[in-house]
Amino acid sequence: MARIAFFSTQSYDRRFFEDQNNGHQFEFFETRLKSKTVELAKGFDGVCVFVNDRLNEEVLNALAEIGVKLVALRCAGFNNVDLKAAEKAGVRVMRVPAYSPEAIAEHALALIMTLARRTHKAYNRVRDGNFSLERLMGFTIHGRTTGVIGTGQIGRAFCNIMLGLGTRVIAYDKYPSEEMKNKGVEYMELDEVLEKSDILSLHCPLTPETHHLINQDTLKKMKKGAMLVNTGRGKLVNTAAVIKSLREDHLGSLAIDVYEEEEKLFFRDLSDYVIRDDQIAQLMIFPNVLITAHQGFFTKESMEEITRITLKNFEDFEKGNDSENDVNCKLIKDCG
Ligand code: NAI
């Protein structure tokens, strides 16, 4: 049975994997996998990592050198792995392509509803005995236009929700979905989606092409007062440009579950420390900004699926079976 070193683990990772373990040997490390920590993987057949572990050429070569032959991602996105370097080093990379796309889509909805109806403010007010409605006026979502960038598994689940709420749903994807078209989603060019959306939600992967997809130029093309929602990856958005647009009263509101520099912050309790990241510190004080710390995936159902599929990946790795969960250069156009 495979010996696997887990990185970036939290109590819930350990609990789910220990409960479902069918005989593998696991060691759980809280630290992220990076060049300074790679030595911890010595003596293991594989490493199991998450969104902010850094699998660059240096780390992959070091893993190969100490005999590690598998990188198993406990997530769908694989933008943190240098696939070319993995191929060269002979390290197999596997992921969990889909566990509960609805979980992430529902989290995007939660963020949108919160910002639209200011329930985050209302919750605190009422707890403080303040029953005034001053400055709590929201907007009705029904009848608005929702723009969706990327209509893969999560984007499609999100389109269904927003159609159900009675919004017009427009989308941009290089590979439009016939299923979504039949349900009433209107595909158009990116610029048109930017111009027409009252709510714009990002559901495409982070690739060299989508890096800073939302920047100074694209923000200018967006409708004044629109809401931007990012549950994809932090680097889809240029944070400095978004802060500028919010300050200039152009972007109406922002909801993010992911952040450009999240690896230094997210998944940790920093409540006793000074936050040294000036950009997130600024965003934290804007009244029209809502931040969650990469929790879109975090439901009981998702955790069960992530664990089940990852254990199956370990098994396929041990047996040398091919798997549709393999990640390699064939999956992306620009492999670095
Ligand atoms: P998917 O692979 O099913 O769909 C991605 C879609 O984006 C595809 O339809 C693809 O054609 C489209 N796309 C690719 N390049 C594009 C471009 N330049 N412009 C417009 N569309 C483009 O992926 P899935 O499962 O829907 O996940 C999407 C992303 O969501 C992941 O890559 C990951 O970064 C993020 N994610 C975030 C989570 C969270 O907890 N916040 C959890 C899981 C995924």
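1. Which residues are exposed on the other side of H2? They are Glu58 and Glu65; exposed means over 50% relative accessible area, buried under 20%, and partly exposed in between, with a 1.4 Å probe and protein chains only.

2. The model is predicted: local features need pLDDT of at least 70, side-chain atom pairs count only at pLDDT 80 or more, and totals for chains, interfaces and linings use all residues. Residues are numbered from 1 along each chain as its sequence is written, and side-chain values use heavy atoms, with hydrogens and water left out.

3. Helix H2 spans residues 57-65, and Val59, Leu60 and Leu63 are buried in it. These residues lie on the same side of H2 because they cover an arc of only 95° around the axis, taken from the directions from the helix axis to the C-beta atoms. Cover for the buried residues of H2 includes strand S3 (46-49), strand S4 (70-73) and helix H3 (83-89), where contact means heavy atoms within 4.5 Å. Helices (H or I, at least four residues) and strands (E, at least two) are DSSP runs, numbered from the N terminus.

4. Just after H2, Gly67 has a positive phi of about 95°.

5. The ligand is surrounded by 23 residues, the closest being Gln153, Ile154, Asp173, Thr231 and Asp257; a residue counts if one of its heavy atoms lies within 4 Å.

6. A nitrogen atom of the ligand lies 3.0 Å from an N or O atom in the side chain of Asp257. A polar backbone atom of Phe297 is 3.0 Å from an oxygen atom of the ligand. The protein covers 85% of the 870 Å² of accessible area that the ligand has on its own, by the Shrake-Rupley method with a 1.4 Å probe.

Notes. Polar contact = N/O pair within 3.5 Å; in protein donor to acceptor, adjacent residues only side chain to side chain.
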